[in-house]
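Subject: Structure for your review

Dear colleague,

Please find the structure below, together with its sequence. I would be grateful if you read the notes that follow with the structure open beside them.

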Amino acid sequence: MIAHGAITSGLLAALAFLAPPTAAAPASRPATAPTTSTAPAPLPLLDPNRFAAYDRPSDDGSAVIVEWAKPLHEPEGISYVVEIAPSPDAFGTDRAKTVPVRPALKATNPKFFSALSASNRELYYAAVTPAAVFPPPAPGKFTAERIDKLLAARRLNAKQAARAKELLASKKPEAELSSREKRQRRWLGRLQAYISKSDARTLKARQREINGRTYYFRLAVTDGGRKAYVARGGTPVTVSAGGRANWIKHFRWNNLVFALTFSAVVMAFIHIARRNPNLFIRKIAGLEAVDEAIGRATEMGRPVFFVHGLGSMQELATIAAVNVLARVARRAADYDTRVRVMNYEPIVTAVSQEVVQQAYTEAGRPDAFDPDDVSLVATTQFSYVAAVSGRMIREQPAAVFMVGRFFAESLLLAETGASTGAIQVAGTDSYTQLPFFITTCDYTLIGEELYAASAYLSREPRMLGSLRGQDVGKAFLMIVIVVGALLLTLAGFFDVDLTLFRDLFKPLS
Amino acid sequence: MAIPQAELRRLAIAKHVIFVLVAAAVIVPFVAKVYQRDFKPTSYAEDLFQKVHNLDANTRVLISLDFDPGSEAELLPMGVAILRHCFQQRLIPVVMTNYPSGVDLARTIVEEAVAKSEVDYGRKLTSGRDYAYLGFRPGGVNLVLNMGENLKGAFQTDYYGKPTEDMPALVGVQSLKDLKLVIDITSSAWVELWIVYGADRFGFEYGAGVTAVMGPDMYPFLQSGQVIGLLDGLRGAADYELLLQRTEVGKLDKTGRGILGMTAQSAAHVLVIVLVLAANARFIFRRATGREKG
Amino acid sequence: MWYKRTIPLLIVFVAGLLGFAHEYVPHPIAGRFREEVTTAFRIIGGFALFIGAYSLLHMHLTRIRRRQPGWAYSGFVFLGASVMIFLGMVLGTGPLVDPAPGELTAFQWGYDNVLVPCNATIFSLLAFFMASAAFRTFRVRNFSAALLLGAAVVVMFGRVPISELFGELLFGADGRQVFPKASQILMDYPNLAAKRGILLGVSLGAIAQSLRVLFGIERSYMGGGD
């Protein structure tokens, strides 16, 4: 059941490539009765033994699957209907509902059903949402009657209810309202929005409750006039099922396995690095240049600028940038050089202030730290550019570090920095901006080199170990890409279906 | 680059000359009103156009204008062109935005498209009946998910304060599942969020309009079919306007900002290429004669 | 003190695990978790704005007080902020006014006619800077620089409509699409391949960095020392 998406299915698919698949013998299915040329084609008989209903797997419990075997012969113009009832004795009454469905073969939906299974290529399915068939009553419009109900349910107090009723009753046009009346209308609008929000939550809860009940299903094939039920001994077969919220998305197994495996490899290398701290890491020119840049600023007596970019604190590029800032600030404090940090986001400002202050304290110069050196400059993109560019031109920094998340402003900042003659070190994971930095800056940290900055600068064994684990993951992906491309190319030549192999490496949907 | 001062001074002069030339290259085509209209639109722009063109009349199309005035230059022409196409085909566009700073811009786009279309097609277009502008609601991705369950619940009133419950423009649209096509025009990650939290979940077809620098990022989605058509940058807007013009050849001139901007863009690109080639010619000559290092 | 480090690390670990698990759990509880976390982010962000505003205004006030170079620009910051606050409170959507939905307020006018054109002006500098950057840096110093230059020229030229006229001039009527096709081939194959390569590396790097943050190996985001 859970075979789809798992590694073993990939191995089976690889084996399948070596041995071309043979067609599965079709299961015996009930035939249709012979027809004369003038009588309408008989409706196909559906196999009652393969008619079933069950909770849809890997979902939030909002749907039930009804499945049945595809008939051998499907005449033109037929369709399928599902009858749903809250109890077995409700069929034939107005408590039961009939829903037309558009079936698809189970094998065409690898998200929920295994494409490996031969039977899935013969089974139709339709997803039925009980809450759509038996919808909960709508909360109703915001009228005086509704307000009374809300008051009775204690969702409004008496004062609110009276005020709302009074405002609803007022038919004055907008243009004739006084300021006070306009304020009251706005209050009413906010009240309605609040009520409708909680109505929406209540509706969702009721839908979940409806979907979770057990329902009874019957299936019929129809040509618009006649109807033939799935029957046994002349009696329509009834099956039952209810929706259940699941805890695992099975169609994401491949993703989860990869994520956990990769994480395990990284943690393993972190552990290894503790015992063998002398791990090799190649030179990253941009990070080697940090000391050189700050030294140059010290010699010239000009400040160092650190530009964070537009990222917020929850972005990895900004976290990495803060690591680089710690190093830059520490060196600047050691050399008694001013470092000016220009921030775009308030939380990043607070973190940067802490980092720089700590750097000065560790260098034994806590008095030299000026909080105004680490400040918010603007919170919109081009205001930020204007502010930073203006300061660059006025203060003529000797070194500029642009590390973090950047967008269209990258070239504006880099060109302005270049025009001042500063040495520029950039680092970003925004690959659309990399070309601009590469052409205008002295050193550029490309993508993951930025994330490696903390490990590289601190040389801490645990961090270096994580880099090694990352490299193993990359090697694995490179091998998969090469082998996969080769297999798919050969499959094209030999006309072998490798959909299963491809499905291993993409989200199934 | 860390450049010596003498070189900086020389470059500063060259820079000012370049700036003047670029300004001229951009301004002159607008002043001289030289427009090129015989270029071939890209295949993905054509795909989006055909998708909209083949929708039945009165089909509701959701257009999300997720950008702020910073990206107006490239994305506004797309928005106007698509809306005009919707009005031409008697579709009913439902417009919204996920950017609080883009609410007024989106309103401007809608009003511009309405004004132009009323002149072009000779019929009055009324908000709430022929189109709907829903404005902005906070929530981000949660808003999209809520719209997927109950669109009118997510937007109880439109931007102008009219209730959406019985709005004629939203008849038959309870949620995103009832929409055939959603188009997102954006300069941010919203283009992918609409795929992950919208198209993949609720089953509508999805077209996108993005800035030129983001265009290549969308190619994998085009290849996989998750995006059925794409407009990238001002060229994308020009492609769409051209396709729109061709549907009414000889009738009305629908030259929008996209086509107007193409000549300026062509001139600027050619200028940059000429400058780069000239600089390299000088560089190669100086290296050959021993006056240039490296 | 131990709890100053331990409690934040614990919060990061638990929240990170929940965020990771939420991607694999279809149960409605995962959706509710995401909604609550998103709401919490917005609330915290609102408070953080006060920190930023204080930092900004304090910095500019200091520059004015000390008459540092460019202190007049700091005066403009206060002027602009004061005007927009006044417009917003009194003539915008602030607590002292009630504009009708859709009504254009003075605050909106200020935003549309001052801030937006200023943003557009700064953005428009990009065209000039690109030209000057290209002029300065695209030199055929070595093979890879020549390759970069060639690709840049092909793509820049192929993207604009005038290339079709040149194509027709050089190769006849059938040659109109030569340059656009060449540009598209470069974008579709080598460019996309390189982008995907960088994206793969960045994604793996992001996972490794996230693990370091999750398990408390990387703590720089907390500020202060180890």
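Predicted model: local features only at pLDDT ≥ 70, side-chain atom pairs only at ≥ 80, totals over all residues.

Domains

Chain A is divided into three parts: domain 1 covers 45–243, domain 2 covers 255–278 + 463–503, and domain 3 covers 285–451. Between domain 2 of chain A and domain 3 of chain A, the C-alpha centres are 34 Å apart.

Chain C is likewise given as domain 1 (1–66), domain 2 (69–137) and domain 3 (140–226). The C-alpha centres of domain 1 of chain C and domain 3 of chain C lie 34 Å apart. The contact of these two domains takes 5 residues from domain 1 of chain C and 4 residues from domain 3 of chain C. On the side of domain 1 of chain C that touches domain 3 of chain C, 4 residues are nonpolar, 1 is polar and none is charged.

Contact between chains A and C

In this contact, 66 residues of chain A meet 52 residues of chain C. On the side of chain A that touches chain C, the most is given by helix α9 (residues 346–362) of chain A, with 9 residues. By class, that side of chain A has 30 nonpolar, 18 polar and 18 charged residues.

A helix pair across the two chains

Helix α11 (residues 410–419) of chain A packs against helix α4 (residues 106–137) of chain C, with axes 9 Å apart and at an angle of about 55°. At that angle, α11(A) is oblique to α4(C). The crossing in which α11(A) passes α4(C) is left-handed. From α11(A), the contact uses L411(A), L412(A) and E415(A). From α4(C), the partners are L125(C), L126(C), F129(C), M130(C), S132(C) and A133(C). Sorted by class, the contact of α11(A) with α4(C) has 7 nonpolar, 1 polar and 1 charged residues.

A helix pair within chain A

The helix α9(A), which gives the most to the side of chain A that touches chain C, also packs against a helix of chain A. The axes of helix α8 (residues 316–335) of chain A and α9(A) come within 8 Å and cross at roughly 30°. Angles under 35 degrees count as roughly parallel, and α8(A) and α9(A) are therefore roughly parallel to each other. Here α8(A) passes α9(A) in a right-handed crossing.

On the α8(A) side, the contact is made by T318(A), V322(A), L325(A), A326(A), A329(A), R330(A) and A333(A). These meet V348(A), V351(A), S352(A), V355(A), V356(A), A359(A), Y360(A) and E362(A) in α9(A). The classes in the contact of α8(A) with α9(A) are 11 nonpolar, 2 polar and 2 charged residues.

Two backbone details

Most residues other than glycine have a negative phi. D495(A), however, has a positive phi of about 60° although it is not a glycine. D495(A) is placed in the loop between α15 (461–494) and α16 (499–503) of chain A. With 7 other C-beta atoms within 10 Å, D495(A) is exposed.

K33(B), also not a glycine, has a positive phi, near 55°. The place of K33(B) is the loop between α1 (5–32) and α2 (43–53) of chain B. K33(B) counts as exposed because it has 9 C-beta neighbours inside 10 Å, and the cut-off for an exposed residue is 12 or fewer.

With kind regards

Definitions and conventions. Residues numbered from 1 in each chain as written. Chains lettered and ligands numbered in written order. Helix = DSSP H or I, 4+ residues; strand = E, 2+ residues; numbered from the N terminus. Buried ≥ 20, exposed ≤ 12 C-beta atoms within 10 Å, placed from the backbone. Contact = placed C-beta atoms within 7 Å. Nonpolar A, V, L, I, M, F, W, Y, C, P; charged D, E, K, R; others polar. Domains from an automatic or database assignment. Axes fitted to C-alpha atoms, helices over the stretch in contact; angles between N-to-C directions. Parallel < 35°, antiparallel > 145°, perpendicular 65-115°, else oblique. Left-handed = near helix turned anticlockwise from the far one by under 90°.
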